[in-house]
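Welcome! Please have the sequence and the 3D view open as you read.

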Amino acid sequence: MTKHRSELLHELDIYIGDLLERQLTDAGDPRYGGFWTELFHVEPRQSGFFLGEMIAAFCTKDSRWYLSRRLARGIRAVLTYMENHQRPDGCFDLTPCNYASPPDTAFMVNALLNGWWLLEKCDAPEADFMREPVYRLIDTTSRGIAAGGFHTPNHRWAIASCLLSCEKITGNKALGERARQFLAEGLDINEDGEFAERSAGNYNQVNDDQMFRLYMATGDQVYLEAAAKNLEMMYSYFDPDNSVFTNNSTRQDLGKKVYADTYYILYLLAAWFLKRPDLGAMAEWIWKDCRRRGAYPRCAEWLLLFPEMDGYGAESPFIAPFEQVDRLFPDSDIARIRDGRWSCSILKGKANCLYFQHGSFSMYMTIYSNLCDRRNFLADTLERTENGYRMKAHAAGWYYLPFPEDQRPDTSDWWAMDNPNKRPKTEGLPLDTVLDIVKRPEGIDLHIKTDGIDQLPLRMEFSFLPGGYVRTEHFLQRAKAGESINVIDGMVEACGPGGETITIGPAFSAHDFTDRMGGAYPLSDKHYTVYFTGYTPVERVIKIRAKRKDRHL
């Protein structure tokens with residue numbers, strides 16, 4: 001059976017050594033015991049995360065730091081820092097935005113608890129020096145967390161899992177009562193397995209972690225099942241370069257390149273608790289992907305706590321369930337298609353309405369069809385069809401009218417008038433646009449058809465990652481960030497720096513309107529953009545393909 005505990009412990013040992021080098025050791029410094037970050041800053045909340053990792057290494061017999069005097073000095077110092085920087089209510093600061101923050105303190109304590117549970121298992125007298133101060137820290141922070149509130153949906157589960165675990169440690173029944181108030185609201189996970197915040201790059205794994213902690217605190221299988229449901233849903237979000245699609249996220253991971261490293265331990269925990277080797281096989285796949293990129297998952301404490309789950313399911317048959325996907329998420333306004341080496345994402349209500357990726361090379365599409373205050377195609381509907389998906393959008397011009405005599409505002413100050421809500425309007429000419437996306441071998445067909453107003457300049461924009469080249473039968477050009485080209489006809493071949501190629505076409509061009517009015521989706525200065533242009537009515541079929549490297553135009 002594959003074993004990774006020893007590798008992760010080795011990495012933790014190296015990390016602890018680096019951490020101690022960053023610790024402030026001048027007892028006269030008010031930040032004594034804290035740790036420098038790369039921003040030349042000492043972060044109060046982060047010290048609790050570090051403390052949990054330090055305790056884990058100190059209490060693990062095969063760690064190089066087991067019962068180390070050097071590490072003991074570091075632990076004493078960080079405990080001093082935390083005592084000096086804990087707010088009167090018991091909470092800690094997340095200095096970029098949240099001060100005396102109950103939810104951020106809950107995340108900190110949850111991480112610290114992994115170290116505490118290992119400390120409970122350690123019977124060495126050399127560890128006794130930290131038992132009382134760590135217990136006091138857990139007790140005081142949990143009281144502050146219970147007395148406070150939260151900001152976002154996932155905070156509730158961090159707070160609830162923290163308080164339930166701390167109730168077991170301290171015996172403070174009020175903590176459990178408060179936790180159950182949050183849990184009474186019901187989990188914010190839908191039938192598709194998505195949490196409310198729609199964040200595959202970050203908050204899905206945050207929520208899943210809390211689900212496991214809630215299970216450990218309560219023994220209730222409903223939390224395990226929620227985590228497993230979300231992890232199975234996550235198969236739909238893997239792109240061909242093994243990154244996670246984030247361009248529909250509602251949180252700060254939006255548009256970021258994220259890999260599944262943090263999901264390794266979550267799939268493994270789900271596999272172990274539910275006795276599902278298939279999820280363990282997925283964990284092993286993530287492990288191997290991490291190692292290919294020279295990375296390690298940061299999760300040693302979990303395998304130190306549950307060494308028996310190390311490698312569970314790793315030898316099971318693995319069918320790569322993320323390589324064949326065709327799924328609509330109606331609550332999340334997204335459809336995802338994946339066929340091995342290429343993927344397509346279709347987004348309702350967003351100007352960046354379609355993404356296509358071949359290997360690590362990606363592009364996105366927007367449609368600029370400026371009608372009055374509607375600058376871009378924004379799909380009102382996204383539905384499955386017999387052979388793919390359909391998006392529809394309706395836009396219409398409008399013009400203000402004079403106020404009726406009996407409804408005139410009592411001011412001549414334009415900005416004081418409630419024009420958007422009270423001034424009457426007349427509706428102008430409409431524009432109705434339909435986009436059909438049909439899955440084909442090696443890619444998709446994109447059928448665009450407009451009805452309504454004529455002679456409106458429409459522009460389809462295909463924005464590619466730079467670093468490679470773009471060519472047609474008539475030209476060859478290096479694809480540089482921020483540059484663009486209007487292509488008149490033929491097929492367009494875009495090749496990324498890694499050799500993956502995407503073709504689009506046939507191109508069309510009837511004008512060179514490329515300016516943007518306020519409120520339009522911005523032209524990316526990080527991509528190379530290809531324009532197809534025409535006047536409405538427009539009806540075209542554009543073929544988008546992931547082309548094999550050994551083929552040519």
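## Charged pairs, cores and strands

Arg 459 and Glu 461 are both buried. Their side chains meet in a salt bridge, with N and O 2.7 Å apart. Keep in mind that this is a predicted model. The points below start with the charged pairs, then turn to the cores, the strands and some backbone details.

**Salt bridges**

- Side chains of opposite charge can pair when their charged atoms come close.
- The count of salt bridges in this model comes to 33.
- One of them links the side chains of Asp 278 and Arg 276, at 2.7 Å from N to O.
- Asp 278 is partly exposed, with a relative accessible area of 38%, and Arg 276 is partly exposed too, at 23%.
- Another salt bridge pairs Arg 292 with Asp 289, whose closest N and O atoms are 3.5 Å apart.
- Both of these residues belong to helix H11 (residues 277-292), where they sit three residues apart, about one turn of the helix.
- Are the two partners buried or exposed? Arg 292 counts as exposed because its relative accessibility is 56%, above the 50% cut-off. Asp 289 counts as buried because its relative accessible area is 4%, under the 20% cut-off.
- Salt bridges with shared partners connect Asp 261, Asp 289, Arg 292 and Arg 293 into one network.

**Nonpolar cores**

- How many residues does the largest nonpolar core have? The number is 115, and the residues with the most contacts inside this core are Tyr 264, Ile 265 and Tyr 267.
- Take a look at Tyr 264 in your viewer: leaving aside residues up to four places away in sequence, Tyr 264 touches His 4, Leu 8, Ala 283, Ile 286, Trp 287, Pro 297, Cys 299 and Leu 303.
- There is also a second, separate core of 43 residues, and Cys 353, Phe 361, Met 363 and Ile 542 are among its members.

**A hairpin**

- Strand E5 (residues 324-329) and strand E6 (residues 334-339) run antiparallel and are joined by six bridges.
- Which residue of E6 is the bridge partner of Val 325? The partner is Arg 338.
- E5 and E6 form a hairpin, with four residues between the two strands.
- Asp 333, in the turn of this hairpin, has a positive phi of about 60°.

**The nine-stranded sheet**

- Nine strands make up an open sheet with antiparallel pairing, and their order is E11-E12-E13-E14-E22-E20-E19-E16-E17.
- Which strands stand at the edges? They are E11 (381-385) and E17 (476-478); each has a single partner strand, so one side of each has no neighbour in the sheet.
- On average, neighbouring strands of this sheet are turned by 20° against each other, with direction ignored.
- Within the sheet order, E20 and E19 are listed side by side. Four bridges join E19 (residues 492-495) to E20 (residues 501-505), and the two strands run antiparallel.
- To find this pairing on screen, look for Ala 494, which stands opposite Ile 502 in E20.
- In a regular strand the side chains alternate between the two faces of the sheet.

**Backbone details to look for**

- Most residues other than glycine have a negative phi, and most peptide bonds are trans. The residues and bonds below are worth a look with that in mind.
- Gly 505 and Pro 506 are joined by a cis peptide bond, with omega about 5°. Pro 506 lies in the loop between E20 and strand E21 (528-535).
- A cis peptide bond also joins Thr 536 and Pro 537, where omega is about 0°. Pro 537 is in the loop between E21 and strand E22 (539-547).
- Ala 100 has a positive phi, near 45°, although this residue is not a glycine. Ala 100 is part of strand E2 (residues 98-101) and is partly exposed, with a relative accessible area of 25%.
- Asn 242 is another residue other than glycine with a positive phi, near 75°. Asn 242 is placed in the loop between helix H9 (221-233) and strand E3 (243-244).
- Why does Asn 242 count as buried? Its relative accessibility is 14%, which is under the 20% cut-off, so Asn 242 counts as buried.

Terms used. Residues numbered from 1 in each chain as written. Predicted model: local features only at pLDDT ≥ 70, side-chain atom pairs only at ≥ 80, totals over all residues. Heavy atoms only, no water. Core = buried A, V, L, I, M, F, W, Y, C linked by side-chain atoms within 4.5 Å. Buried < 20%, exposed > 50% of the residue type's maximum accessible area, 1.4 Å probe, protein only. Contact = heavy atoms within 4.5 Å. Salt bridge = Lys/Arg side-chain N within 4 Å of Asp/Glu carboxyl O. Pairing = 2+ DSSP bridges. Axes fitted to C-alpha atoms, helices over the stretch in contact; angles between N-to-C directions.
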